[in-house]
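My entries follow in the order I looked things up.

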Amino acid sequence: MTDAALRPAPAPAARRLTQVYGALVRTEMQAASAYRAQLVIGALGWVVPVAFMALWRGAAADGDVDGISAAQFTTYYAVVLLTTGIQISHGLSFQVEPLVHSGELSALLLRPSHPMHPLVARGLATLSYAVPPLLPVVPALIWFLGGTVTADVGQWVLAAALVPLGFVSEVYLGLMMGSLALWFTRSAALSGLLFGAEWLIGGLVAPVALLPEPWSEIARHQPLWFAIGAPAEAISGISELRPWVLVEAAVWAVLLHVAFTRVWRRGMRRHEAVGT
Amino acid sequence: MSRRRRRDGLPRFHTLRVLSTAWRAELAGAAEYRGDLVIGTIVTTIWLGISVAPVLVVALHTGDANGWTLPKLLFLQAVWYLLDAVVWVVLIVNVGYWEDEVRVGQLDGRLLRPVNSLALCSLSRLHVPDLPKVVLAFGLGALAIALGGGPAGWLPSLAAAVSIASALVLTWALGVLANYKVLTHVRFDGWSVLFAAQNLARVPIPFYGPFLRIVLTVVVPIAFLATVPAEIFYGDASAWLALVAVALAVVSVRLTAVLWRREVGRYAGVMG
């Protein structure tokens, strides 16, 4: 009998990826559970949407701001608390640089799966602790602070469907920003700009409806808004989403996947694999 | 004539001299990496724009939000950006390395040096690419003043300057207090505490409503980071509040020094 006959048949790619992710996420969850106190401290990251909620509620105290009431701002930022809380792109954009400098990336490249899978798995594992506390907090904030939500079920469905599509796009953006470490010695400052873009055109500093034209319209056709501001605008009733927004978000996810694949391939050509 | 010496045998202002030498070395070293400085300046300028964007959008849609006009909001942002400079120029590059230094044993060597260990470990390095934040903060402050509405007089100006200096000290103390436990804990990351306080400070504290206003002024004095200096400058708060700010800064430094000494006493050396 030949060696080839003894070797187990390779699993289909999708099943294999699921198996790999299952194992990675389990491992990372075990590691994360050892530092629960840190995850509680991580909840302090909630203050950014809460601070902007305060700013806009204050601004709308004497009357609507461009047709947006204080109650809508409350709901908007409560939902933004959730949509920002589930993003793992920040970690991804900063975690590649240390891997390059320490030379750990070389070891990860020897594995039979893409070296970014462990980073994504780590982010997903963190979500298992970071998201559950948000689930009661978000409706509680809306309830206690007098927020209002849309009665249109269709908007709720669209918002719920947009969240995973926006999440995938954000992951690819995070990975691409992280990949800058393959070109620049100190890429963290540039990677941090993803935060800035999220703040401005994602809808964190203000609903993009309040940005001056044409920025408001431009911001409505890019993935950061789909990931953060769009679901919040739909649920708070600030804007009414059309179903085609899902197609647009899906196209962005595919485009960013292709873009990341190319960026990574080019980066690998430059990678010297010796660390610094 | 011999130099005056302290009780521990070290010359007076020894720590200050060591720090100034370290800072000169940092500046000289950074001059060799002008590319990092250029990228740092560009990124810092972009971030200034991002930080100011919320107040500009607010001003675009409202003339006067809760009594906070555009110049007042910009002045608050300038103070906030100065605090941000302390975080990125000083804290991240010093306190941010403690965990690694504990792991590889580098901290042991630093603790043995004949100099104030807290000052050496928390202030000796500078992240030069972020230094333009200081210039930009002053520029933004100047723009806020040029837009009118303040200052309310020479006493409020002086009091505001004192309270801003106190806020810088308070930020440093908060950064150290949030992270000093890393000396005895295998894995500790208290940055979220500092960033939470910092982000709460970017919005005028009265905006948080009456209950949180009291909490963020009396219980956790975040109001003294940016809101109080801005209110003093524009005459919305008494100039004497600057004395409270100074008292807070002094207490925070004393507390930081005591807790640091206690933690160093418990520090067991290289943790592997």
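**Entry 1: a helix pair in chain A**

I started with two helices of chain A, α5 (residues 70–85) and α8 (residues 117–144), whose axes come within 9 Å and cross at roughly 175 degrees. An angle over 145 degrees counts as roughly antiparallel. α5(A) and α8(A) are therefore roughly antiparallel to each other. I keep in mind that this is a predicted model.

Next I listed who makes the contact. From α5(A) I noted A:Thr74, A:Thr75, A:Ala78, A:Val79, A:Leu81, A:Leu82 and A:Gly85. From α8(A) I noted A:Ala130, A:Val131, A:Leu134, A:Val138, A:Leu141 and A:Ile142. I then sorted this contact of α5(A) with α8(A) by class: ten residues are nonpolar, three are polar and none is charged.

**Entry 2: chain A as a whole**

Chain A has 14 helices and zero strands. Read along the sequence, I get α-α-α-α-α-α-α-α-α-α-α-α-α-α. I checked burial too: 44% of the 276 residues of chain A count as buried. Then I looked at sequence separation. Of the contacts in chain A with a separation of 6 or more, 81% are between residues 24 or more positions apart.

**Entry 3: A:Leu246**

A:Leu246 sits in helix α14 (residues 244–270) of chain A. Buried would take 20 or more, and exposed 12 or fewer.

Which residues does A:Leu246 touch, leaving out those up to four places away in sequence? I wrote down A:Leu158, A:Ala161, A:Leu162 and A:Leu165. I also took a distance to A:Leu135, which is 111 residues from A:Leu246 along the chain. The C-alpha atoms of A:Leu246 and A:Leu135 are separated by 24 Å.

**Entry 4: backbone checks in chain A**

I went through the backbone next. The peptide bond joining A:Glu213 and A:Pro214 is cis, with omega at about 10 degrees. I placed A:Pro214 in the loop between α11 (193–201) and α12 (215–219) of chain A.

A:Asp66 also went into my notes. A:Asp66 is not a glycine, yet its phi is positive, about 50 degrees. I located A:Asp66 in the loop between α4 (47–59) and α5 of chain A. I counted 14 other C-beta atoms within 10 Å of A:Asp66, so this residue is partly exposed.

**Entry 5: chain B**

I ran the overall checks on chain B. I count twelve helices and zero strands in chain B. From the N terminus on, the elements of chain B read α-α-α-α-α-α-α-α-α-α-α-α. Of the 272 residues in chain B, 43% are buried. For contacts in chain B between residues at least 6 apart in sequence, I noted that 79% join residues at least 24 apart.

**Entry 6: where the chains meet**

Methods:
Residues numbered from 1 in each chain as written. Chains lettered and ligands numbered in written order. Predicted model: local features only at pLDDT ≥ 70, side-chain atom pairs only at ≥ 80, totals over all residues. Helix = DSSP H or I, 4+ residues; strand = E, 2+ residues; numbered from the N terminus. Contact = placed C-beta atoms within 7 Å. Axes fitted to C-alpha atoms, helices over the stretch in contact; angles between N-to-C directions. Parallel < 35°, antiparallel > 145°, perpendicular 65-115°, else oblique. Nonpolar A, V, L, I, M, F, W, Y, C, P; charged D, E, K, R; others polar.
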